[in-house]
Amino acid sequence: MTPEETIERLKLLGLNEQKAKETLKNANVTKFLLAALNEVKIEQLPSGAGMLIYHLATKIKPQIATKLAFVCGYIAEGKLDSTLRIDAALEHLLSHVSDANVDVSAFEKASGVGVVVTPEQVEQAVELHMAQYKAELLEKRYRFNSGTIMQAVRADLPWADGKAIRNEVDIQILDLLGPKTEADLAPPPKVDKKPKVLKPAENPERIDDIGGASSISELMKKLPFHAPGENFKADGYVVNPDTKRLLAEHLKITGGKVRTRFPPEPNGILHIGHAKAININFGYAAAHDGVCFLRYDDTNPEKEEEKFFTGIKDMVEWLGYKPFKITHSSDYFDQLYKWAVELIHKDLAYVCHQRSEEIKGFNPPPSPWRSRPVEESLQLFEDMKNGKIDEGDATLRMKITLEEGKQDPVAYRIRFKAHHRTGNKWCIYPTYDYTHCLCDSIEHITHSLCTKEFQSRRSSYYWLCNALGIYCPVQWEYGRLNVNYTVVSKRKIAKLIEEEVVRDWDDPRLYTLSALRRRGVPPAAVNSFCAALGVTGALGAVDPAMLDASVRDVLNLTAPRIMIVLEPLKITITNFPSDKPIQVTVPNFPNQPDKGSYAVMFNKVIYIETTDFKEEPDKGYRRLTPKQTVGLRHAGYVIKVSEIIKDASGKVLEVQCTAQPADSAEKPKAFIHWVSEPVDVEVRLYEPLFKHKNPEDPNEVPNGFLSDCREDTLKVVNAYADASIKGARVFDKFQFERIGFFSVDPDTTDKKIIFNRTVSLKEDTGK
C-alpha cells in the first residue's frame, strides 16, 4: 500500500489530511490502525467510532495486540462508546495479559459496558458535592475551581459523560450565584508568582522529559515506572504463558518491594556520570521503600583491581547510600554456565570460530557455524571451558538479532587470565550482553535502570530471560550525563596521569567522584545537581558552572566563615588602642549568629590582601587608598593610611595606618577581611583543565585532547590564616571570607594545613 493510499484509508476514520499525514510518521500507530480497519466495516460504525478506533490504536500496547480485533468489535457494536471506556478496557486486558482467553463478564464490568448514567443521577451527584462546597462557593463565587466538584462527581459516576457533568455543574453554580457581576468579571488580584517547576506529562510512555526537582527523592517519585509485579505493563515487555506464574513467584520472593541495582565494572574510578546512575538506582529504590544492590560486573579479569572495588563502594557511601547487598557477577558464574549449556541444548546458541575483528561493525558476514549441530557445539563449549581451545579461536554466540541490526551477540569468550575472585577456575568468561539480564533475574531486580546506549540490548535482554524460562525484569533507559570541559574516559585520564598533566585519579581538576571529593565538593551538592537535571531520554551535556552553583548552595549553608589572606600586605596600626591583643568574636555564619562563633586576635600588626590597597586606585575602587578609608570586618574599626613604606624598587612593603572606632568614623565604602598573629597555610588554586567545551571532539580539537590542556591550571600560594584554623581536619570545608569555598586536602600534615579551592564566590570582589 502506498503512503497516499494509507492516508486515504486513515481519513475514513474521520482524520483530516494533515492529521493522517502526521499519523503516518508513527509506524506503530499506523500498523495498529490499518489492522483495526481490517476488523470493522467503516460504513456501519456508530457516529464518532472512527476516532475511538484511532484512540485505541494510539493506546494499545504490543503485549495485548492480539486483542485488537476483540476491542474493535466492542467499538463497532457501540459497547465501548468513549475514550474512558476504551482506556479501562485496555487496562483490564493488560492486567490479565497472561490469560489465554478473555473473561468477557469481567472485561465488560471493568469497562463499564452496558452501564447507563441518567441525567438525573448526574444532577443528584452534582447537588451532593455542591452542598459540601457551598460556603466556599459563596465566598469565592466564580473564582472557585469548579474542577474540584467535577472530579468528585467523576469518582462517584465513573462512566458518566464528562460534558454532561460539566454542563450540570455550570447550571447549578449559576443557579446558586446568579449571573456574573462586575466584580466577578474584574481581573483577579495579582499574587506572587511561584517559580515554574517542570511537570511530567500525564502517564508518559517513556522518560523523555521528567523535569528537575529539588531532591532526588522528589524526582524519583515523578518517574512513570511500573509497579513491582506489573512488568507486563511496560512497553516492549515480552509476555509468554509462564509470565503470570513467574511474576507471582517473583512477588513472593521480593514481598512486592522495588529492587534496583547499580552494576559498575570494577576497572576504573567512578566519575560524575556515574553519580547520576547511583542516584537514579539507589534513589528510586529509597523513594519507593525498596532496596538497591551494588553489583560488581566483574566479568573481565584483565582490568580488575582491588582498589577499584574499594573505590566504588567508598563513592557510593560518600553519596549517602548504603547497598542492600554487595554482589558480584562472578557469584553466579556456575549458574551462568549451566544456562549457556541449556541454550545450546535448545539450539539457541552455538560455538563460532570467527575472529573478533571479523564480527566487528554493523554488517559483519554471517557465521558459517550458525547451523552447526547441537552436540558439536556442546562438545566445543566444553572444550572451551577446559582450556583446550586458544584465545580468540572460539566464542559462544546467541541466535538473536539486536535492534541495531547486530546479529548473534557473543555470550562467552576465552581468556587465559586468573580472575580476581575465582582464581584459575575459569578460562571462559561471560559478556555483558549475556550476564546483565541473567544476574538481574537471579537477584529479582524489578527495575533494571541503565543509560540510553543499552536500549539496543533490550531485545536480547527480554529474549534471553524468556528463552531460559526465568523471571524477566523490566529494562528502562535514561540519557547519560556528560560534563563539558573535561574527559571521563578511563583511558584518557590514565594518559593525563602518565603525561603528568594531573597527579592521580583524584586530582581536583578531574571530574571523577574521588577528585570532586578531594576538591571539597559536598556529596549533597552532587545529589542536588543530579536532581536538578531531571531524568530524560536524551544525552545530557552541562557546563561545570551548573555543578558549581549546586556546590555554592550547599556550602553557603554548611561551611563556616574564616578569614585568610592569600597575598598578605602588612598593616601597622600606629595608634592601636591597647597595649595587648584584643579578642574579637567572629560568627561562623554572619547571617545566622545562633550557629556559633570563634575568637580572633586583633593586634597592632595585621595583614590584608595586597589587592585591598592601591596607591593609585582605578575609578570605582572602594577599598584602602592614601585618600580613602576602609573598614575591618568584625573588628569594629576603620583604618586610614598615614605612611607607605617601600623597598628600593618601589614595591610596597608595609602601610602604616591609624584606626578609629567604626561607630564614630565616617562610614567607609567597604569592609575588608584581615588576619593578625596568623599561621602559615598552603592554598592550591585550581583552574579548568581544558580550553574547549568538547576536548575529545576532533572538530574542536584536531590535535587531540592532550593538546587542549591549559598551562598553569594549578597555582600554589603560601597564605596567612587566622590561628583558629589549627584544628581543621581533612575534608573540613570553609568559606574564606570574600574569596571562595575551600576544603582541607589529604596532603595536610601536623606541620602544615593545605587547602584546595572548591569554588569561588559568585559575587565579584574586584571592586
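# Exercises on a predicted model

Gln63 sits in the loop between H4 and helix H5 (68-76). Helices here are DSSP runs of H or I with at least four residues, strands are E runs with at least two, and both are numbered from the N terminus. Residue numbers start from 1 along each chain as its sequence is written. Since you'll be working with a predicted model, local features need pLDDT of at least 70 and side-chain atom pairs count only at pLDDT 80 or more, while totals for chains, interfaces and linings use all residues, and side-chain values use heavy atoms, with hydrogens and water left out.

## Exercise 1: a loop residue

Work out whether Gln63 is buried or exposed, and which residues it contacts.

Step 1. Gln63 has 11%, so it counts as buried.

Step 2. Look for its contacts, meaning heavy atoms within 4.5 Å. Skip the neighbours within four places in sequence, and Gln63 is in contact with Leu94, Val97, Phe232, Lys233, Ala234, Asp235, Gly236, Tyr237 and Val239.

Step 3. Now jump along the chain to Val655, 592 residues apart from Gln63 in sequence. Their C-alpha atoms are 82 Å apart in space.

## Exercise 2: the end of H5

Find what Ala76 touches.

Step 1. Ala76 is in helix H5. With a relative accessible area of 28%, Ala76 is partly exposed.

Step 2. Not counting residues up to four places away in sequence, Ala76 touches Val40, Leu45 and Pro46. Val40 is 36 residues apart from Ala76 along the chain, and their C-alpha atoms are separated by 6.7 Å.

## Exercise 3: cysteines and a covered helix

How many disulfides does the structure hold, and what covers H20?

Step 1. Zero disulfides turn up. The test is a pair of cysteine sulfur atoms within 2.5 Å. For Cys437, the closest cysteine sulfur belongs to Cys465 at 4.3 Å, which is too far for a bond. Cys465 is in no disulfide either: the nearest cysteine sulfur, in Cys472, is 4.1 Å away.

Step 2. Check how covered they are. Cys437 is buried at 1% relative accessibility, and Cys465 is buried at 0%.

Step 3. Cys465 is one of the buried residues of H20, along with Arg458, Ser460, Tyr461, Tyr462, Leu464 and Ala467. Seven of the ten residues in H20 (residues 458-467) are buried, so this helix is mostly covered.

Step 4. The cover includes helix H17 (333-345), strand S6 (395-398), helix H19 (432-442), strand S9 (447-451) and strand S10 (474-478).

## Exercise 4: positive phi

Where do Glu500 and Phe731 sit?

Step 1. Start with the background: most residues other than glycine have a negative phi.

Step 2. Glu500 isn't a glycine, yet its phi is positive at about 60°. Glu500 is in the loop between helix H21 (490-498) and helix H22 (513-519), and is exposed at 70% relative accessibility.

Step 3. Phe731 has a positive phi near 75°. Its place is the loop between strand S25 (714-721) and strand S26 (733-736), and at 28% relative accessibility Phe731 is partly exposed.

Methods:
Buried < 20%, exposed > 50% of the residue type's maximum accessible area, 1.4 Å probe, protein only.
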